[in-house]
Amino acid sequence: MKSNYILITLISICIISNTIQAQNKKSFKPGTVWTDNNGSPINAHGGGIIYVDGIYYWYGEHKLPNKSEKEKADGGVHCYSSTDLYHWEDKGVVLSVDYKNEKSDIADGCILERPKVIYNEATSKYMMYFKLYPKGQDYKYGYLGVATAISPTGPFTYSHKFLGADSPYGSGDFCIYKDDDDKVYHFTVRKPDKAFVAGELNKEYTYPQGKYKVVTGITNETEAPAIFKHKGTYYLLGSGSSGWKPNAARLFTSKSITGDYTKKSNPCHGVNSYNGLGPEKTFGGQSSFIIPVQGKKDSYIAMFDIWKPEMPIEGLYIWLPIKFHNKDISIEWKDRWNLSIFPDQE
């Protein structure tokens with residue numbers, strides 16, 4: 001009995017030690033498996049992040065196990081929270097597909113991708129947006145789905161969908177950007193011609209108001225857009241159109257949010273040590289969001305996803321720091337890095 005007690009004690013000490021080490025480990029390892037507080041791989045693909053009262057919230061596609069993209073692997077939207085960007089606590093599925101009502105817009109078997117969340121101060125609601133292709137329709141009609149919640153951790157309630165971009169076929173990849181004046185814009189790829197367009201949402205952030213406009217300077221077939229603003233310049237990071245296969249990143253800048261934009265060179269540099277892919281394939285990833293780092297001066301992180309369409313739940317994440325060079329930026333591959341690379345806020 002005494003030997004069993006000693007063995008159990010040693011095991012407990014090892015578990016506690018490993019937990020403390022995991023908690024104290026503060027670095028990013030792009031392109032590798034990233035686990036949450038439970039030791040499970042983070043399941044938040046194509047996502048975005050908001051910051052509320054000292055906490056970051058990461059929303060992304062919840063992929064179902066043992067299903068390929070062709071088998072409709074989307075299970076809804078998963079949320080994680082963090083105070084330091086390194087360690088993430090699982091908050092669960094905050095918007096689930098509807099497993100009971102086959103007629104629901106978000107019925108099981110729908111395609112629900114690239115969720116983004118913003119907050120509306122006027123209505124005190126958290127607004128979630130996502131690409132939505134209802135069950136059985138495949139990719140013909142691209143809707144923007146809308147869900148709402150009163151808390152960043154939900155639960156979110158599905159509200160409605162709309163066909164954006166002033167097209168009867170709707171739109172594809174998108175980003176939602178809230179500017180300094182609280183105006184919110186829906187940037188997206190118009191179907192079927194794949195022109196890049198922008199439309200302002202109404203004050204409730206529920207529907208477009210007015211007409212969409214083609215964003216001058218943005219190359220046609222620009223997908224996976226992510227926008228941020230730095231010192232009066234808007235930076236739009238995106239990708240080309242090649243399905244699930246990676247391609248070269250695209251970068252555009254403008255002094256006006258809806259253009260004209262100027263095309264810049266590929267900002268990516270270096271090679272992903274794990275798959276051997278460099279700038280011509282964006283390290284094997286595709287852009288999803290730009291994170292403003294709180295408490296750090298002029299500091300942003302570029303988020304990319306490494307898609308695995310045959311088993312999407314095994315998709316990986318690439319987070320890399322953005323460096324500024326006058327009006328240009330660079331995103332350089334790093335096997336490991338931490339936030340000390342950024343200067344503290346003055």
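Residues are numbered from 1 along each chain as its sequence is written, and side-chain values rest on heavy atoms, with hydrogens and water left out. As the model is predicted, local features need pLDDT of at least 70 and side-chain atom pairs count only at pLDDT 80 or more, whereas totals for chains, interfaces and linings use all residues.

The structure holds 29 aromatic pairs (rings of Phe, Tyr and Trp, the last by its six-membered ring, with centres within 6.5 Å; planes under 30 degrees apart count as stacked, over 60 as edge-to-face and the rest as tilted). The ring centres of tryptophan 58 and tyrosine 80 are 6.4 Å apart and the planes stand at 55°, so this pair is tilted. Because tryptophan 58 belongs to strand β2 (residues 55–63) and tyrosine 80 to strand β3 (residues 74–82), the pair ties together parts that are 22 residues apart in sequence; strands are DSSP runs (E, at least two residues) numbered from the N terminus. Tryptophan 58, at 0% relative accessibility, counts as buried (under 20% relative accessible area, 1.4 Å probe, protein chains only). Tyrosine 80 likewise counts as buried, at 1%. Both residues belong to a cluster linked by ring pairs, whose members include Phe28, Trp34, Tyr86 and Trp88.

A polar contact of 3.4 Å joins the side chains of tyrosine 80 and histidine 78 (N or O atoms within 3.5 Å; within protein, one must be able to donate a hydrogen and the other to accept it, and residues adjacent in sequence count only if both atoms are side-chain atoms). Histidine 78 lies in strand β3 and, at 7% relative accessibility, counts as buried. Its side chain also makes a polar contact of 2.6 Å with the side chain of aspartate 90.

The largest pocket has a volume of about 840 Å³ (an open set of points on a 1 Å grid over the protein atoms alone, with protein on both sides within 12 Å along at least five of seven lines; lining residues have an atom within 4 Å of a point). The volume is the space filled by probe spheres set on the points, which are joined across faces, edges and corners. The lining comprises 35 residues, of which Ile49, Ile50, Lys178, Phe289 and Pro292 lie nearest the centre of the pocket. Strand β1 gives the most to this lining, with 5 residues.

Methods:
Helix = DSSP H or I, 4+ residues; strand = E, 2+ residues; numbered from the N terminus. Buried < 20%, exposed > 50% of the residue type's maximum accessible area, 1.4 Å probe, protein only. 1 Å grid on protein atoms, 1.4 Å probe; cavity = no way out; pocket = protein on both sides within 12 Å on 5 of 7 lines; lining within 4 Å.
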